[in-house]
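This report describes selected parts of one protein structure. Please look through the sequence and the structure first; the sections follow below.

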Amino acid sequence: MEHRVGPAPDAAPQVRPYHHPAAGWGAAKSVTRVLVEERELVDGPRAIMRMNHENGGFDCPGCAWPDDTKGLRLDICENGIKHVTWEMTRKRVDRAFFAAHSVTELAGWSDYDLENQGRLTEPMAYDPESDHYVPISWKEAFEVVGAALRGLDDPNRASFYTSGRLGNEATFLYQLMARELGTNNLPDCSNMCHEASGRALQAALGTGKGTVDLKDWESADALFILGVNAASNAPRMLTALAEAERRGAQIVHVNPLVEAAATRTIVPHEFLDMALFTSTRTSTLNLQPRIGGDMALLRGMAKAVLEQSASDPKALDATFVERHTAGFEEYRALCAATPWEKLERQSGLSRADILRAARVYTEADRSIVSWCLGLTQHEHGVDTVREIVNLLLLRGNIGREGAGPSPVRGHSNVQGNRTCGIDHRPTEAFLDRLADACGIDPPREHGLDTVRTIQAMRDGEVKVFVAMGGNFALAAPDTPATYAALRSCDLTVQVSTKLNRSHVVHGRAALILPCLGRTEKDHQRKGVQRTSVEDSMSMVHLSLGMKRPASPHLLSEPAIVAGMARAALPDSETPWDWYIEDYDRIRDTMAVALDGFEDFNRRVRLPLGFRIKQPARELVFLTPSGRAEFSTAALPDVVPEPGTLALGTMRSHDQWNTTIYSDDDRYRGVKNLRTLVFMNRADMRERGIVDMGAVDITSTAKDGSHRYLKGYTAVPYDIPRGCAAGYMPEMNVLCALGDYSTQSDQPIMKHVKVTIVPAAGG
């Protein structure tokens with residue numbers, strides 16, 4: 001069977017500078033190509049008109065950017081349409097496909113080829129004798145899961161992973177099942193993405209989330225965007241940036257690479273601009289710190305604010321600081337004691353550049369600081385996010401319109417997962433409410449996060465691994481170690497919509513349980529059901545699928561969770577079947593169990609849903625002092641050792657998480673190439689590396705061990721000296737399993753210590 005659709009294996013790589021606006025006609029052309037290739041010229045446009053609308057629409061399964069507040073009819077983006085069309089494909093992976101291809105054969109296919117086969121259609125079980133997946137009924141599949149879980153001598157020998165696409169109702173049932181079973185082993189993708197943000201904001205403000213909403217973005221005088229590639233990872237942010245530019249707001253982008261979103265854009269739903277090719281600037285200042293240098297930049301800005309306040313008292317909001325903060329004098333002393341020379345060296349920026357950013361900040365009445373994984377996937381990610389809060393506190397940019405911290409979550413419901421109970425470190429207050437609402441006795445000891453789950457599977461301590469969505473085998477660090485860990489399990493269960501690497505890297509027994517996609521109708525006994533999601537600014541709203549399911553044998557995610565729970569907990573008094581008949585019943589229980597979800601069913605049906613209450617937004621700080629807390633962490637040394645580079649992994653533009661749509665990266669000018677490393681041209685010359693030359697990459701872990709990638713292509717790029725960058729998941733192999741932050745336990749994907757040399761024999 002021919003299984004490659006896309007660039008031919010021998011297509012010549014091309015790299016050309018990209019000088020066009022983000023989005024615009026390039027995005028329109030790309031969307032048209034996807035619709036044609038997936039043969040969705042009718043349902044595709046229908047879906048586009050239904051996506052991200054509260055009246056009978058479905059929520060985009062891509063990023064977590066909030067829905068437009070002004071009734072925009074086309075609140076969409078290129079990557080969201082790709083994601084939806086990829087889900088709506090007419091291609092099918094059925095029992096005939098699995099009969100024709102062994103797992104060993106499939107393991108040799110590319111990740112693109114695996115997902116490109118289409119939608120999974122029925123439950124499948126791995127048969128070790130034939131090395132094929134074979135059909136299994138839902139009843140039998142649930143009993144396999146139930147028997148494995150019931151047979152464990154300790155419930156902590158199971159771990160339950162969640163990706164960001166799982167809706168709130170399924171999330172709540174999933175964590176309820178795990179805790180009724182007796183474990184808090186609930187790793188999730190936040191453990192690899194924004195764990196640092198949650199821990200920092202909780203410590204500083206008493207809330208693990210940002211305090212702003214989209215209306216604040218619409219009224220801010222200055223926007224600081226740190227470590228975010230918005231054009232690819234949150235493309236609808238481009239609308240907010242364009243609107244900010246037009247009203248005269250200042251926009252500062254901070255990133256080692258100047259991404260397309262930090263230049264110009266043509267927003268596709270602005271038809272006159274599209275027709276006239278009229279672009280809008282999306283930045284007023286671009287700063288390129290070294291990888292890991294953001295904390296030094298932020299402290300330098302704070303130092304500038306404090307120095308300016310000596311002659312200009314208005315630079316500092318002394319009243320706010322006195323009334324609402326703790327630890328200010330210690331922080332003031334720390335900034336004063338930090339020399340400018342150190343700030344310049346650690347940030348990789350000049351004092352003049354730091355002062356430019358500080359001037360934008362002090363001249364703005366209301367400022368928002370937004371960030372993504374470029375800040376969090378570091379050893380010192382928590383300290384860096386706390387430094388953001390320090391800077392905001394100096395000018396009272398918390399708890400008022402148009403100001404505050406705004407983390408950019410990368411997946412559509414990753415924040416909702418955590419809100420609804422996916423947390424390996426639950427609070428006592430949460431567990432108490434869950435116990436009262438659901439009549440269970442949840443375990444109190446902390447469970448395993450993502451890294452420790454991999455370690456426990458590798459060491460034989462975790463025997464059963466269940467994943468609700470995602471592609472764990474590719475998303476996790478240290479790819480060989482993750483593969484070995486999964487293969488050590490007695491049973492792996494993957495709840496998925498499409499074939500991926502995690503289905504061919506599996507335990508001794510393995511199940512594939514296919515679920516409905518976000519675009520599909522969810523029929524239950526009481527009618528078609530809606531599910532809810534939470535965006536990155538704490539808005540909760542309903543999503544209603546529009547399409548007939550890809551197969552009559554698909555189940556919804558809540559129904560799959562309930563089926564596993566019934567089999568694993570035969571004596572449970574939880575009304576699993578009753579919940580699945582009508583998801584309003586799940587939401588009624590959630591309203592009792594979850595803080596902020598009171599009157600859930602009524603409020604979620606309001607236009608645009610409702611916003612979860614944020615005490616810090618009301619200047620109520622649930623910290624030990626009852627105030628917003630300044631932090632006084634020491635600046636880390638992020639300057640690479642001689643001969644080494646700091647490497648950060650990232651997505652290409654034609655990619656969503658581990659889903660790769662093509663080998664192209666339009667906004668970085670790359671075509672037909674993923675096995676590359678972006679380097680500063682001077683660093684290349686110093687190492688004798690020619691443009692587009694073959695190189696070998698070696699990473700050095702904290703424990704001194706090494707990992708390798710051979711024969712990559714070196715691409716000269718505008719990136720600071722001492723820095724390099726390349727694509728995940730291919731480069732995940734370079735991040736050792738033990739290289740995780742001691743502050744957040746996140747894998748250090750954005751700060752891998754590497755050496756790069758011309759390829760041997762090249």
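## A closed barrel

Six strands form a closed barrel in the order S25-S32-S29-S31-S30-S33, and their pairing is mixed. Helices (H or I, at least four residues) and strands (E, at least two) are DSSP runs, numbered from the N terminus. Strands count as paired if DSSP finds at least two bridges between them. Val695 stands opposite Pro758 in S33.

## Basis of the values

This is a predicted model, in which local features need pLDDT of at least 70 and side-chain atom pairs count only at pLDDT 80 or more, while totals for chains, interfaces and linings use all residues. Residues are numbered from 1 along each chain as its sequence is written, and side-chain values use heavy atoms, with hydrogens and water left out.

Strand S22 (residues 539-543) has four of its five residues buried, so the rest of the structure largely encloses it. Buried means under 20% relative accessible area, exposed over 50%, and partly exposed in between (1.4 Å probe, protein chains only).

S22 runs antiparallel to strand S21 (residues 531-534), with four bridges between them. Here Thr531 stands opposite Ser543 in S22. The two strands form a hairpin with four residues between them, and Ser538 in the turn has a positive phi of about 70 degrees. S22 also pairs with strand S23 (residues 610-611), in the antiparallel sense and over two bridges. In that pairing, Val540 stands opposite Phe610.

Two packed helices are described by the angle and the distance between their axes. Axes are lines fitted to C-alpha atoms, for helices over the stretch in contact, and angles run from 0 to 180 degrees between N-to-C directions. Angles under 35 degrees count as roughly parallel, over 145 as roughly antiparallel, 65 to 115 as roughly perpendicular and the rest as oblique.

The axes of helix H8 (residues 168-181) and helix H22 (residues 428-438) cross at roughly 90 degrees and come within 12 Å. H8 and H22 are therefore roughly perpendicular. Phe172, Gln175, Leu176 and Arg179 of H8 make the contact (heavy atoms within 4.5 Å) with Phe430, Leu431, Leu434 and Cys438 of H22. Helix H23 (residues 450-458) and helix H25 (residues 479-487) have axes that come within 7 Å and cross at roughly 55 degrees. This angle makes H23 oblique to H25. On the H23 side, Ile454, Met457 and Arg458 meet Ala481, Thr482, Ala485 and Leu486 of H25.

## Two buried loop residues

Thr211 lies in the loop between helix H9 (195-205) and helix H10 (214-217). Its relative accessible area is 1%, so Thr211 is buried. Thr211 and Gln614 are 403 residues apart along the chain, yet their C-alpha atoms are separated by 6.6 Å. Leaving aside residues up to four places away in sequence, Thr211 touches several residues, among them Ala403, Pro405, Arg611 and Arg617.

Val267 is found in the loop between strand S10 (264-266) and helix H13 (271-276). With 4% relative accessibility, Val267 counts as buried. From Val267 to Pro235 the C-alpha distance is 9.6 Å, and the two are 32 residues apart in sequence.
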